[in-house]
Amino acid sequence: VSHLGRNKRPEETVRAVARLARADRAAGREPTRLLLVGGEPGEIEPLRALARAEGIAQCSTFTGRVPHEEVAGFMARSDVFVLASEVEAGGTVLAEAQALGLACVATPTWAGRFMVEPECGVVLPAAAQSGGEVLVSALTRALTRVTAAVRDGDYRPEAIRARARERFGEEAFVAASRRLYDEALRARTQSARRA
């Protein structure tokens, strides 16, 4: 759910989902589906070609850019959210995914490490940040584990949503904002006393 520029590493994500879909078919399961929401036509067409080459065109959906108000609906119809960014400072989309009850798989960016707790998903090992085959393999392993856990009920959407409310909900936001303002006022008061 994003623009699909190189930083988001959509090619590696397509390759990892393709490996998982092939393993699903070999095990007699319905293949894992790929849903990429966002992107411009120039970003999407090469990814569609890659999905065809990887044999997952029939279980891949590329929506292109969608109105913001429709994004949550696409996410809510999913089971796992993947953010394979090379660099990700905030990762708000990870909070949004968790608010919808999705287990998350993220690269070990600052955002991934902060936003994805073990009960809500998996953060890939540091080596995955090198990209390429190392990332594809790490994503495949993580997706295999997380999709099986989702199927088995080990990741419970209601528990993920509850944790998201605790961490990112209105009350948490207001309390964190109040702490920041209080600290700023204390610092200003202390500074004024010294002057």
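**A pocket, a helix and its surroundings**

The largest pocket holds about 790 Å³ of space. A pocket here is an open set of points on a 1 Å grid over the protein atoms alone, where a 1.4 Å probe fits, with protein on both sides within 12 Å along at least five of seven lines; grid points are joined across faces, edges and corners, and the volume is the space filled by probe spheres set on the points. The model is predicted, so local features need pLDDT of at least 70 and side-chain atom pairs count only at pLDDT 80 or more, while totals for chains, interfaces and linings use all residues. Residues are numbered from 1 along each chain as its sequence is written, and side-chain values use heavy atoms, with hydrogens and water left out.

The lining of this pocket comprises 33 residues, each with an atom within 4 Å of a point. Nearest the centre lie Arg 33, Leu 34, Leu 35, Ser 78 and Val 80. By type, the lining divides into 20 nonpolar, five polar and eight charged residues (Ala, Val, Leu, Ile, Met, Phe, Trp, Tyr, Cys and Pro count as nonpolar, Asp, Glu, Lys and Arg as charged, and the others, Gly among them, as polar). At least two lining residues come from each of H1, E1, helix H3 (68-76), E3 and H6; these labels denote DSSP runs numbered from the N terminus, helices being H or I with at least four residues and strands E with at least two. The most is given by H1, with five residues.

In the segment before H1, Arg 9 has a positive phi of about 50 degrees although it is not a glycine. Arg 9 is also buried, at 2% relative accessibility. Just after H1, Gly 28 takes a positive phi of about 80 degrees.

How values were computed
Buried means under 20% relative accessible area, exposed over 50%, partly exposed in between (1.4 Å probe, protein chains only).
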